Amino acid sequence: MTNGYDILIIGGGPAGLAAAIAARDAGCASILVVERDCELGGILNQCIHNGFGLITFDEELTGPEYAARFEELARAGGIDFMLDTMVIDISADKVVTAVSRTSGMVRIRAKAIILAMGCRERPRGSLNIPGYRPAGIYSAGTAQRLVNIEGFMPGREVVILGSGDIGLIMARRMTLEGAHVACVAELMPYSGGLKRNIVQCLDDFGIPLLLSHTVVRIEGKKRVEAVIIAEVDGRGKPIPGTETAYPCDTLLLSVGLIPENELSLSAGIGLSPVTRGPVVNEVLETSVEGIFAAGNVLHVHDLVDYVSQEAAAAGRNAAAYARGVLAGSAGAVPLTAEDGIRYTVPQTIDPVRMPEELIVRFRVDNVYEDRSVSVYFDGKRMQHRKRSILAPGEMEQVKLKKGDLVASPDLKEIVFKLEEA
Amino acid sequence: MEQIHLTCIRCPRGCQLDVKIEGGGVLSVVGNACKRGETYAQAEATNPLRVATSSVPVTGSKLARMVSVKTAGDIPKAKVLEAVESLRGVTVEAPIAIGDVIVRDAAGTGVDFIATRRA
């Protein structure tokens, strides 16, 4: 066992870096970031398109530039890094086991741990598409890595299933590199991606977006030769007779992201069945005391700026915990998501321990126009904010004031729901 | 007079805008739910601009095989494909710092391609 750290952060992507910087700036002098890749920055390094940092830096940066700014701050001192090192276990008493080529297996004890492992892509195996297993089927993020980091083109004639942001970005990227993207098929009647990506990645290049369509068959034994796309009904079932064959050599899948929580499970951390990330309280602490979570490992974000904000809060809270000044929780009020709202993060709040203002982030389950986001304290409506549009692809947020919670004695439950405006 | 169709990207609502143009100016915008849609249509219908991004191979770097690049500023939307195509065959040599010029005057736009990562 090596000498311990006050805070050990797993993952050196945008969440891990923001958490480390905030923890250091909060006075913590003993911080280690463990990163499995050979460089910091995480997935931002392969997101070479621009549009990052509008909120944080008030300018549009590319992913690598956004990562570089945070890396520079993190490298300014007071933070240790272990690169090329893979964490393989976290115990509930906060001992982290990691392996690397240079150090072999190491065990490191920490007073506080911040989970910042990000997320992974849903693979083909979760889709039940019949057919052989030919070459030429990639998740969109894998293709993005091949093109932008490794310098290989995965194919020339491309169909994309799923209109998540990475799929949209890759439709443009493959087109710019000389491939032909025949279409993007989306099972749902709306896209899961940001509107700006639909316009700038598809419309700009005349790539059709087929809503309520899916791949029903993949043809080709050694290499993809064609995919068969059909329209689906209101319940997502393919409509017979609507099949169209698209000859292609490549199928990219952009069908959702899942928080990466194998390690969280080994520590006995409770996960939410909705977000697939840890259940956290108002200080972003998981069900295991002293283990915090932020970024896409907690819930999948659409803007990195919000990842940085959330992770900075986790870093400050972990620093307070490691210093022994984070008050013990006196009781948790559960947050319940209802009527169109899928989940909230955090899932519980201790009114005494919460900051003066707490951001609660959430997603809706469908596209809604002219609704209100309402917040109820034990049946009493406290907020009722009109929104002209809400969509599943865009994360929403509501601010709760400590004063309001403290002024509601014996508060049992806070309910978030959509109502008629 | 010419009529074009746009999707507003100022918010997730994505208003479908019908824009009438004549002599390089916008005559009318229909379909926008708010003022921002009109501003978006004005810019997008008369002079749509984009930042183009891509990546080029780098030799002699321990850090990376590819260097990501972007146009140092906005270029006309119609020039994006040509600008990225002008990078074909370009290979750079390490060391590269963020902001280093990779290709000057991309596709005659007067805007350079610059590195967005070090290598």
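**A walk through chains A and B**

Let's start at A:A19: setting aside neighbours within four places in sequence, A:A19 is in contact with A:I9, A:I114, A:A116, A:A294, A:A311, A:A312, A:A314 and A:G315. Contact here says that the C-beta atoms of two residues, placed from the backbone, lie within 7 Å. Bear in mind that this is a predicted model, where local features need pLDDT of at least 70, side-chain atom pairs count only at pLDDT 80 or more, and totals for chains, interfaces and linings use all residues. Residues are numbered from 1 along each chain as its sequence is written, while chains are lettered from A and ligands numbered from 1 in the order in which they are written.

A:A19 belongs to the largest nonpolar core, which has 88 residues. A core of this kind is a set of buried Ala, Val, Leu, Ile, Met, Phe, Trp, Tyr and Cys residues joined through C-beta atoms within 7 Å, and buried calls for 20 or more other C-beta atoms within 10 Å of the residue's own. Among the members that touch the most others are A:I7, A:L8 and A:I9, along with A:A19. Helix α7 of chain A (residues 304–323) is the top contributor, giving ten residues; helices are DSSP runs of H or I with at least four residues, strands are runs of E with at least two, and both are numbered from the N terminus. Domain 1 (1–121 + 256–326) and domain 3 (329–421) of chain A both supply residues, so this core lies between them. Those bounds come from an automatic or database domain assignment. There's also a second, separate core of 36 residues, including A:Y138, A:V147, A:L202 and A:L251.

What about domain 2 of chain A? Seven residues of domain 1 of chain A are in contact with twelve of domain 2 of chain A.

Next, a sheet: β14-β15-β16 of chain A is open and antiparallel, with pairing requiring at least two DSSP bridges between strands. β14 (213–219) and β16 (244–247) of chain A are the edges. Strand β15 (226–231) of chain A is joined to β16(A) by four bridges, and A:I228 has A:A245 as its bridge partner there.

Finally, chain B. The contact between the chains takes 25 residues from chain A and 24 from chain B. On the chain A side, α5(A) gives the most, with five residues.

Notes. A residue is buried if 20 or more other C-beta atoms lie within 10 Å of its own, exposed if 12 or fewer, and partly exposed in between; C-beta atoms are placed from the backbone.
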